Amino acid sequence: QVMDTLLGFKAEGEIGGNGFSKISPASLRRACAVGLVDAVQSEYSLWSRSPELGMLQACAELDVAFVPFAVGHSIFAQKIPDPKTFRDTDFRKDTPRVTEPNFGYKVTKINAFKELAQDLGTHPTSLAIAWCLHRGPHLIPIPGTRSSAHLTQCAETRTFMITAAIMTQIETILPVGWAHGDRYTKAQWNGPEGY
């Protein structure tokens, strides 16, 4: 069993902790019945909220850190990415969520979110990460970046104080289910557990 192997490595000092990626809440509960799980990594952001269907709650209940990755696939960058410019090797190129007509349905809402960030004196990336951090103390987001400028925007999150009122504004602009289209192609779904 995977969990027994991981616990053996941890006991031998080969690893400092153990975790799982893109598993279901049911699988997490099975693993926790065997031993301590330190973390679960899964895609989670204002753009992709399926972990709210049980994974965030299971992690909080079982004292497991939840590590959200892909805080929007650049959708909350200062400039909205243009899907027509994606290279053939770009993960997003054929993803239903960023191809038409799905992508076009979202632009107005994304622009409204960016206007809110500007009104609050912060970057859209910082606001999206702050929202994620505010979802629970067990969330440790790992936003990706390819530039020092974007890294600076990510780091600015630590100085932005989000409030319940701001959370309400964000939820009004980008409610659960606002993002049209599936986040993966059929081929990309080979791996993540569905639930």
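In this predicted model, residues 24 or more positions apart account for 71% of those contacts in the protein chain that have a separation of 6 or more. The secondary structure comes to seven helices and three strands, which follow one another along the sequence in the pattern α-β-α-β-α-β-α-α-α-α.

**Overall dimensions**

- The radius of gyration of the protein chain is 18 Å, which agrees with the value near 16 Å that a compact globule of 195 residues would have.
- Taken along the principal axes, the box filled by the C-alpha atoms of the protein chain comes to roughly 50 × 40 × 30 Å.
- Among the 195 residues of the protein chain, 45% count as buried.

**The sheet and the helix across it**

- The three strands form an open sheet in the order β1-β2-β3, and their pairing is parallel; β1 (19-21) and β3 (65-69) are the edge strands, each of them pairing on one side only.
- From one strand to the next, the twist of this sheet averages 20°.
- Strand β2 (residues 39-43) runs parallel to β3 and is joined to β3 by five bridges, and glutamate 43 has phenylalanine 69 as its bridge partner in β3.
- Helix α3 lies across both β2 and β3, and the direction of α3 is at about 150° to that of β3.

**Leucine 56 in helix α3**

- Leucine 56 belongs to helix α3, which spans residues 55-62, and leucine 56 counts as buried because its relative accessible area of 8% falls under the 20% cut-off.
- When residues up to four places away in sequence are not counted, leucine 56 touches Tyr44, Pro51, Phe66, His138 and Leu139.
- Although leucine 56 and glycine 136 stand 80 residues apart along the chain, their C-alpha atoms are separated by 8.4 Å.

**The contact of α4 with α5**

- Two packed helices are described by the angle between their axes together with the distance between those axes.
- For helix α4 (residues 102-119) and helix α5 (residues 124-133), the axes come within 8 Å and cross at roughly 95°, so α4 is roughly perpendicular to α5.
- On the α4 side the contact is made by Phe113, Lys114, Leu116 and Ala117, and on the α5 side by Pro124, Leu127 and Ala128.
- By residue class, the contact of α4 with α5 divides into six nonpolar residues, no polar residues and one charged residue.

Technical notes:
Residues numbered from 1 in each chain as written. Predicted model: local features only at pLDDT ≥ 70, side-chain atom pairs only at ≥ 80, totals over all residues. Heavy atoms only, no water. Helix = DSSP H or I, 4+ residues; strand = E, 2+ residues; numbered from the N terminus. Buried < 20%, exposed > 50% of the residue type's maximum accessible area, 1.4 Å probe, protein only. Contact = heavy atoms within 4.5 Å. Axes fitted to C-alpha atoms, helices over the stretch in contact; angles between N-to-C directions. Parallel < 35°, antiparallel > 145°, perpendicular 65-115°, else oblique. Nonpolar A, V, L, I, M, F, W, Y, C, P; charged D, E, K, R; others polar. Pairing = 2+ DSSP bridges. Rg over C-alpha atoms; globule rule 2.2 N^0.38 Å.
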